[in-house]
Amino acid sequence: QAASVIPDITMLGELLKQAPSGPIQGRLAQTFSGFNNAADAAKAIISRLAPSMRVPGSGSTSDIEVQMMMDSLGSLINQQGANALIHAAFKSKLNLDIQRQSIVRKVQSKEITINEGRSELEKLDQVSILSDPLRGYLSQSTAASMQAGGKPTGISQKKWDSMTDKEKALF
């Protein structure tokens, strides 16, 4: 499935570069369809891709969950830089999925042993989908948060206090 999604994700990335974006321009493009072809095409691709992200057999999907899946692909209301970071992370995840598929096929065809396959999969599990620019942004954001008063939002003080400096650096 990952291999079939990559062309759409690539096209979406290009369209989001060309479409009006940002809090005001993006909302206008979303509200008034038909004024920008790139925006309309991006919305169509996002609408088509979001359902494919649902795990088969996971039960019904609420409207909120569908919207979250759609937002995870990028949005016209985001700045282009944010969409580029989202796009890069999503493509990295798809590439990891394709590498996992390749490992499974090698095990199935007995090119490698099950243990070798497990070892390769464990190595892939250690690979981050976050690009260097996104990590840099997160580090800057964390530094600003720390200077402004401590732990990042969304983490309890107890959890924050129990984390190592290395774990804290991931935020």
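Reader: How many helices and strands does the protein chain have?
Author: The protein chain has 9 helices and 0 strands. Both are DSSP runs numbered from the N terminus, helices being H or I with at least four residues and strands E with at least two.

Reader: What kind of model is this?
Author: It is a predicted model, where local features need pLDDT of at least 70, side-chain atom pairs count only at pLDDT 80 or more, and totals for chains, interfaces and linings use all residues. Residues are numbered from 1 along each chain as its sequence is written, and side-chain values use heavy atoms, leaving out hydrogens and water.

Reader: What share of the residues is buried?
Author: 25% of the 171 residues in the protein chain count as buried. Buried means under 20% relative accessible area, exposed means over 50%, and partly exposed is in between (1.4 Å probe, protein chains only).

Reader: Now Asn83. Where is it?
Author: Asn83 is in helix α5, residues 80-108.

Reader: Why does Asn83 count as buried?
Author: Because its relative accessibility is 3%.

Reader: What does Asn83 touch?
Author: Leaving aside residues up to four places away in sequence, Asn83 touches Leu16, Gly74, Ser75 and Asn78. A contact means heavy atoms within 4.5 Å. A polar atom of the Asn83 side chain also lies 2.8 Å from the backbone oxygen of Ser75.

Reader: And Arg135, which helix is that in?
Author: Arg135 sits in helix α7, residues 132-149. Arg135 has 36% relative accessibility, so it counts as partly exposed.

Reader: How far is Arg135 from Leu85?
Author: Their C-alpha atoms are separated by 9.9 Å, and the two residues are 50 apart along the chain.

Definitions and conventions:
Polar contact = N/O pair within 3.5 Å; in protein donor to acceptor, adjacent residues only side chain to side chain.
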